[in-house]
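Me: I have a structure open and would like to go through it with you. Could we begin with how the strands are arranged?

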There are 2 protein chains.
Amino acid sequence: MAEEKNSIHEELIDETVATETVEGEAVEASEIEGEETISLEEQLKIAEAQTKELEAKLEEAENRYYRIQADYENSRRRARLDLEASEKYRAQSLISNLLPAMDNFERALQMEVDGEQAASILQGMEMVYRGLLEALKNEGAEQIEAVGKEFDPNFHQAVMQVDVEGFDSNHVVEEFQKGYILKDRVIRPAMVKVNQ
Amino acid sequence: MAEEKNSIHEELIDETVATETVEGEAVEASEIEGEETISLEEQLKIAEAQTKELEAKLEEAENRYYRIQADYENSRRRARLDLEASEKYRAQSLISNLLPAMDNFERALQMEVDGEQAASILQGMEMVYRGLLEALKNEGAEQIEAVGKEFDPNFHQAVMQVDVEGFDSNHVVEEFQKGYILKDRVIRPAMVKVNQ
């Protein structure tokens with residue numbers, strides 16, 4: 001890079017000298033001295049032009065540096081946010097996969113039994129179910145509250161509308177399927193019956 | 001930046017001129033002309049020194065650019081790998097949380113029952129359990145095979161050693177607790193009884 005510069009510089013000087021030789025053939029010695037002075041002045045002009053050019057290039061290089069530095073900062077910030085989002089909702093896929101089994105589990109627990117052994121088994125299974133819900137809670141996932149709550153389209157999906165006395169208007173009367181949230185994200189709304 | 005340069009340049013020229021005035025007080029006009037020529041040459045030298053300095057600065061700025069560019073590339077590569085790792089093992093935390101409930105579930109399924117209703121409930125719960133295992137499998141998590149397999153310290157934790165006929169040497173005879181892997185990572189080794 002630096003060598004390329006120098007060779008351009010010398011080339012420009014050579015051209016200047018060549019022009020002088022042709023024009024200054026018949027002039028006196030004192031005038032030739034004047035020519036030499038002009039030649040130096042021109043060399044100086046060239047050098048100063050080169051300085052200007054280098055200063056412009058330096059400014060451009062510095063601007064290029066500031067631009068990539070800004071890009072770098074943005075990229076790091078984005079990467080951190082991506083990683084945070086990835087961490088925050090990391091369990092979402094497994095939770096979604098677990099929901100059908102959790103629905104079946106809940107249905108199985110609602111079985112009506114008469115035998116003592118059967119009741120004991122259901123009791124044990126109820127504890128297992130609570131253990132699974134606890135594990136989900138530790139990861140930030142919870143069942144959406146529904147029955148008795150005011151209908152909220154952000155969390156509840158109304159699949160039936162009824163007119164029942166003893167329930168407030170626009171409140172959830174019954175729940176057909178549990179809804180789940182993961183932190184601030186609804187994984188699945190609760191399927192509910194709403195009072196008019 | 002560029003203005004600062006120019007003022008330094010002018011300062012250096014002023015100094016040169018001041019020195020000449022003191023030394024050249026008694027010289028003839030022709031010699032003064034010579035002095036002017038030297039002055040221009042010195043100006044040229046200064047300009048050339050400035051060019052060199054700028055070239056060095058430009059080279060430094062360019063090197064600085066290449067360094068930050070390399071850092072930027074590395075940072076992006078690392079961020080991608082971090083995100084990939086985060087995605088790959090995203091379910092690990094929830095899986096670890098689920099294991100105690102899964103252990104209880106497995107134990108509950110091994111209950112011995114006599115009533116028809118109790119047997120039917122256990123059958124239903126067995127299906128729920130398989131559903132949960134299926135959900136884990138979809139996320140890349142599986143139970144470690146143990147009974148009948150050759151003992152592998154990477155996947156099995158020997159908590160008892162026995163000498164039983166009918167089993168190969170250094171093979172797993174019995175399993176006390178299920179082990180789980182997530183992709184290529186052991187979440188928990190299987191706790192086993194090994195034949196000598």
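Me: In which sense do strand 4 and strand 5 of chain B pair, and over how many bridges?

Reply: In this predicted model, strand 4 and strand 5 of chain B pair in the antiparallel sense, over three bridges. Within that pairing, the bridge partner of Tyr180(B) is Arg188(B) in strand 5 of chain B.

Me: Which helix packs on the sheet and touches strand 1, strand 4 and strand 5 of chain B?

Reply: That is helix 3 of chain B. Its direction makes about 40° with that of strand 5 of chain B. Helix 4 of chain B also packs on the sheet, where it touches strand 1 and strand 4 of chain B. The direction of helix 4 makes about 130° with that of strand 1 of chain B.

Me: What is the strand order in that sheet of chain B?

Reply: The order is 1-4-5, in an open sheet of three strands with antiparallel pairing. Strand 1 (141–143) and strand 5 (185–188) of chain B are the edge strands, each pairing on one side only. From one strand to the next, the twist averages 30°.

Me: Now chain A. What order does the open sheet with mixed pairing have there?

Reply: That sheet of chain A has three strands in the order 2-6-3. Its edges are strand 2 (156–162) and strand 3 (172–177) of chain A, and each of these pairs on one side only. Neighbouring strands are turned by 30° against each other on average, with direction ignored.

Me: Parallel or antiparallel for strand 2 and strand 6 of chain A?

Reply: Strand 2 and strand 6 (residues 190–195) of chain A pair in the parallel sense, over six bridges. Val162(A) stands opposite Asn195(A), which belongs to strand 6 of chain A.

Me: How many helices and strands does chain A have, and in what order do they run?

Reply: Chain A has four helices and six strands. From the N terminus on, the elements run α-α-α-α-β-β-β-β-β-β.

Me: What share of chain A is buried?

Reply: Buried residues make up 34% of the 196 residues in chain A. The chain exposes about 12100 Å², of which carbon and sulfur atoms supply 46%. As for contacts in chain A with a separation of 6 or more, 63% are between residues 24 or more positions apart.

Me: Let us turn to the nonpolar core. How many residues are in the largest one, and which have the most contacts inside it?

Reply: The largest nonpolar core has 48 residues. Those with the most contacts inside it are Ile95(A), Leu98(A), Phe105(A), Met125(A), Ile95(B), Phe105(B) and Met125(B).

Me: Which elements give two or more residues to this core?

Reply: In chain A they are helix 3 (92–109), helix 4 (116–138) and strand 4 (180–182), together with helix 3 (92–109), helix 4 (116–138) and strand 4 (180–182) of chain B.

Me: What does Met125(B) touch?

Reply: Leaving out residues up to four places away in sequence, Met125(B) touches Phe105(A), Ala108(A), Leu109(A), Leu122(A) and Met125(A), as well as Phe105(B) and Leu109(B).

Me: What rotation superposes chain B on chain A?

Reply: A rotation of 180° with 0.0 Å of shift along its axis does so, with an RMSD of 0.2 Å. The two copies are therefore related as by a two-fold rotation axis.

Me: Which residue of chain B comes closest to the rotation axis?

Reply: Ala118(B) does, with its C-alpha at 2.0 Å. As for the interface, 100% of the interface residues of chain B are also interface residues in chain A, so the copies meet through the same surface.

Me: Where is Gln157(B) found, and what does it touch?

Reply: Gln157(B) is found in strand 2 (residues 156–162) of chain B. It is partly exposed, with a relative accessible area of 38%. Not counting residues up to four places away in sequence, Gln157(B) touches Phe151(B), Pro189(B), Ala190(B), Met191(B) and Val192(B).

Me: And where is the place of Ser169(B)?

Reply: Ser169(B) is in the loop between strand 2 and strand 3 (172–177) of chain B. Its relative accessible area is 47%, so Ser169(B) counts as partly exposed. Ser169(B) touches Asn195(B) and Gln196(B), with residues up to four places away in sequence not counted. The C-alpha atoms of Ser169(B) and Val194(B) are separated by 8.3 Å, although the two residues are 25 residues apart along the chain.

Key:
Residues numbered from 1 in each chain as written. Chains lettered and ligands numbered in written order. Predicted model: local features only at pLDDT ≥ 70, side-chain atom pairs only at ≥ 80, totals over all residues. Heavy atoms only, no water. Core = buried A, V, L, I, M, F, W, Y, C linked by side-chain atoms within 4.5 Å. Buried < 20%, exposed > 50% of the residue type's maximum accessible area, 1.4 Å probe, protein only. Contact = heavy atoms within 4.5 Å. Least-squares fit on C-alpha atoms with pLDDT ≥ 70 in both. Pairing = 2+ DSSP bridges. Axes fitted to C-alpha atoms, helices over the stretch in contact; angles between N-to-C directions. Areas by Shrake-Rupley, 256 points an atom, 1.4 Å probe, with all protein chains shown as cover.
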